[in-house]
Amino acid sequence: MPKGGRPARIFPSRRSTSSSTLVFAVLLMLSVVLLMLLALGILSLPVDKGNDSPKTPNHGIKSQTRDGEDLLGERGSRWTEVISWEPRAFVYHNFLSEEECKHLIELAKPHMEKSTVVDSATGQSKDSRVRTSSGMFLRRGRDKIISDIEKRISDFTFMPVDHGEGLQVLHYEVGQKYEPHYDYFIDEYNTRNGGQRIATVLMYLSDVEEGGETIFPNANVNSSSLPWYNELSECGKKGLSVKPKMGDALLFWSMRPDATLDPLSLHGGCPVIKGNKWSSTKWIRVNEYRA
């Protein structure tokens with residue numbers, strides 16, 4: 001170095017800086033895409049619970065333990081389908097296993113009674129030709145299987161377990177139906193405990209050979225464009241309809257995101273034409289429901 005000279009200053013090349021920026025941008029983009037896939041449930045991360053014991057093969061009697069809970073039976077491939085935004089309605093395919101469906105039916109069978117409706121004037125239950133099924137209620141958290149189903153409903157809806165009413169199990173024979181109605185209340189009596197009904201999860205416990213669809217007659221959907229339109233009964237073709245399939249769960253919201261009641265949530269059960277229809281309903285309240 002020349003005497004009295006200053007050391008040369010070294011600057012990173014533009015090419016090196018540009019490459020680093022490009023790599024950082026690509027990594028950032030990949031991170032965003034990964035987070036979106038995780039949020040949508042398309043990807044999941046493996047969870048190591050620290051249990052090194054070998055897993056026992058499943059033969060359809062008991063599935064592997066998940067989050068400390070025993071699941072009854074195996075469920076098929078699970079995915080969620082958006083069927084409408086007006087009203088907001090979604091189908092969770094294979095929400096229940098066949099064994100879970102049969103468990104709910106067997107618990108309910110000895111206690112089935114004629115279904116009733118709510119009298120809007122008094123808030124009390126009454127008989128009505130509008131609803132011709134039979135049904136009964138299973139207490140919230142009655143057994144471990146029901147507790148697991150209710151936890152699954154909570155995960156699906158992002159609503160706390162204690163905001164849900166007990167499970168109602170319903171049975172429709174040939175010719176039986178439920179005329180279009182709202183699940184929300186227009187009286188004060190029925191909103192004292194838990195407030196308004198905000199959402200409904202309807203689980204199909206059996207297949208139905210013909211008829212028995214859940215129909216939304218006021219939905220903003222062109223029903224004739226539905227892929228399954230030709231499989232519907234005449235009743236089912238009068239609006240947006242969901243065909244019963246054992247294990248599937250239909251979630252729809254009776255209230256809009258702005259907390260107003262949604263008249264498009266009007267829904268009913270089409271008459272069963274052939275076979276039997278078993279279902280289970282979970283009504284969810286705005287606030288904690290004292291069961």
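This is a predicted model: local features need pLDDT of at least 70, side-chain atom pairs count only at pLDDT 80 or more; totals for chains, interfaces and linings use all residues.

**Notes on the model**

1. Gly 239 is found in the loop that runs between strand E11 (214–216) and strand E12 (240–242). Leaving out residues up to four places away in sequence, Gly 239 touches Ile 215, Phe 216, Pro 217 and Ser 223.

2. Now the overall picture. The protein chain has three helices and 16 strands. It holds 291 residues, and 43% of them count as buried. Taking contacts between residues at least 6 apart in sequence, 74% join residues at least 24 apart. The accessible surface of the protein chain is about 17,300 Å², and carbon and sulfur atoms account for 56% of it.

3. Which residues touch the most other members of the largest nonpolar core? They are Phe 95, Leu 96, Leu 104, Leu 138, Ile 153, Met 203 and Leu 205, in a core of 31 residues. Two or more residues of this core come from each of E2, H2, strand E6 (134–138), H3, strand E7 (167–172), strand E9 (197–204), strand E13 (249–253) and strand E16 (277–285). Another core lies apart from it, with 14 residues, including Ala 89, Leu 226, Val 242 and Phe 252. As general background, nonpolar side chains tend to be buried together in soluble globular proteins.

4. Leu 104 is worth a click of its own. Setting aside neighbours within four places in sequence, Leu 104 is in contact with Leu 96, Leu 138, Ile 146, Ile 149, Leu 167, Val 169, Leu 205 and Ser 280.

5. On to the aromatic rings. The whole structure contains seven aromatic pairs. One of them joins Tyr 92 and Phe 95, with 4.9 Å between centres and 75 degrees between planes, an edge-to-face arrangement. Both Tyr 92 and Phe 95 are buried. Phe 95 also pairs with Phe 156, this time tilted, at 5.8 Å centre to centre and 40 degrees between the planes. Together, Tyr 92, Phe 95 and Phe 156 make one aromatic cluster.

6. The charged end of Arg 152 is over the ring of Phe 95, 5.7 Å from the ring centre. For Arg 197, the charged end sits over the ring of Trp 283, and here the distance to the centre is 3.8 Å.

7. Finally, a serine in the loop between E2 and H2: Ser 97. Its relative accessibility is 2%, so Ser 97 counts as buried. Not counting residues up to four places away in sequence, Ser 97 touches Leu 72, Gly 73, Glu 74 and Arg 75.

Note on methods:
Residues are numbered from 1 along each chain as its sequence is written. Side-chain values use heavy atoms; hydrogens and water are left out. Rings of Phe, Tyr and Trp (its six-membered ring) pair if their centres lie within 6.5 Å; planes under 30 degrees apart count as stacked, over 60 as edge-to-face and the rest as tilted. Buried means under 20% relative accessible area, exposed over 50%, partly exposed in between (1.4 Å probe, protein chains only). A charge sits over a ring if NZ of Lys or CZ of Arg is within 6 Å of the ring centre and within 35 degrees of the ring normal. Helices (H or I, at least four residues) and strands (E, at least two) are DSSP runs, numbered from the N terminus. Contact means heavy atoms within 4.5 Å. Accessible areas come from the Shrake-Rupley method with a 1.4 Å probe; for residues, only the protein chains shown count as cover. A nonpolar core is a set of buried Ala, Val, Leu, Ile, Met, Phe, Trp, Tyr and Cys residues joined through side-chain atoms within 4.5 Å.
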